[in-house]
Amino acid sequence: MSTITATVTGPAGRRTAAASWTALVPLTVRSLRSCLRTPALLVSPLLTSAFFMIIYEGQLSSVTAATAPGGRYIDVVLPLCLLTTAFTGGATAGHLLVSDIGSGYHARLWLTPVRRWTLVTAPVLAGVAVLAAQATALTALGLLLGLNPVSGMPALLALVGATVLLGTGFLLLAAAAGLHTGNSSAVGSVTLVFFPLSFFTATFVPRDQLGGWMARAADLNPLTPPLDAMRSLLTSPWTEQNLLPGTLVALAFLVVGAAAAHLALTRRTRTGV
């Protein structure tokens, strides 16, 4: 298998590059169909986040709404649920790759002239589409629960975009775990790393309402800046928002995830396992 890893240059290389871009669309469509045939990838993260959003809003809004800007607790809890959806739904690409590796489909693709990055990009793009649909559905549920952002519809679109941006980093990390191990449990461990972190931040109240060691933990938690930015989109006008820290953290996850996926793909290309 390693004999096919040499980089093709010249006209043949250009034909290979063109074939790779051409193959990306059907490979992404196939990955999307795999998601539709696997409810655990498509529905489970959505239902879990929707369940907790309804429970949190129903049980905590009466006692904590006064701490939320504007007095609407949904402004606090919706970004939290979108954040958890970003890393639970982000495992999609890893599970798709593990499934293809286990069935031998990935090995057959390995023998085609398309470039290796195509085989990773397709499930990641499918995961991005699934994550956008999940974030849109949760935001629509938030509107039913009383969501009324200060900056209107543009803020909602930015909220969905922020979820997708953050989730793409998790998609790449999960893809790296799937490529490196070929094991679903390893892919799930990516979610297990970030799930506890979502409770060591301003989970149920705004950051400025925390005190003591929890405030310190929230300051050190990399999930705090994107969570604060997503809440700011709902509660502040554009002129008063500070989205830079959250954007930088999301981009950092994206870069780290891309680097990890590249290393895992390189290793698998060299070793064939």
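Thr85 sits in helix 4; helices here are DSSP runs of H or I with at least four residues, strands are E runs of at least two, and both are numbered from the N terminus. The model is a predicted one, so local features need pLDDT of at least 70 and side-chain atom pairs count only at pLDDT 80 or more, while totals for chains, interfaces and linings use all residues. Residues are numbered from 1 along each chain as its sequence is written, and side-chain values use heavy atoms, with hydrogens and water left out.

Thr85 is buried, with a relative accessible area of 0% (buried means under 20%, exposed over 50%, partly exposed in between, with a 1.4 Å probe and protein chains only). Its side chain meets that of Ser49 in a polar contact of 2.6 Å, that is, a pair of N or O atoms within 3.5 Å; within protein, one must be able to donate a hydrogen and the other to accept it, and residues adjacent in sequence count only if both atoms are side-chain atoms. Setting aside residues up to four places away in sequence, Thr85 also touches Pro45, Gly90, Leu131, Gln134 and Leu138, among others; contact here means heavy atoms within 4.5 Å.

Then there is the largest nonpolar core, with 40 residues. Such a core is a set of buried Ala, Val, Leu, Ile, Met, Phe, Trp, Tyr and Cys residues joined through side-chain atoms within 4.5 Å. Met53, Leu78, Phe170 and Phe194 touch the most other members. Elements giving two or more residues to this core include helix 3 (44-64), helix 7 (116-144) and helix 12 (244-271), but the largest share, 10 residues, comes from helix 4. Beyond its neighbours within four places in sequence, Met53 is in contact with residues including Ile74, Leu78, Cys81 and Leu145. Another core, of 21 residues, lies apart from this one and has Trp110 and Leu265 among its members.

Over in helix 1 (residues 10-36) is Cys35, which is buried, with a relative accessible area of 1%. Apart from neighbours within four places in sequence, Cys35 is in contact with Leu42, Thr92, Leu96 and Val130. The C-alpha atoms of Cys35 and Ala126 are separated by 8.1 Å, though the two are 91 residues apart along the chain.

Gly182 follows helix 8, with a positive phi near 65°.
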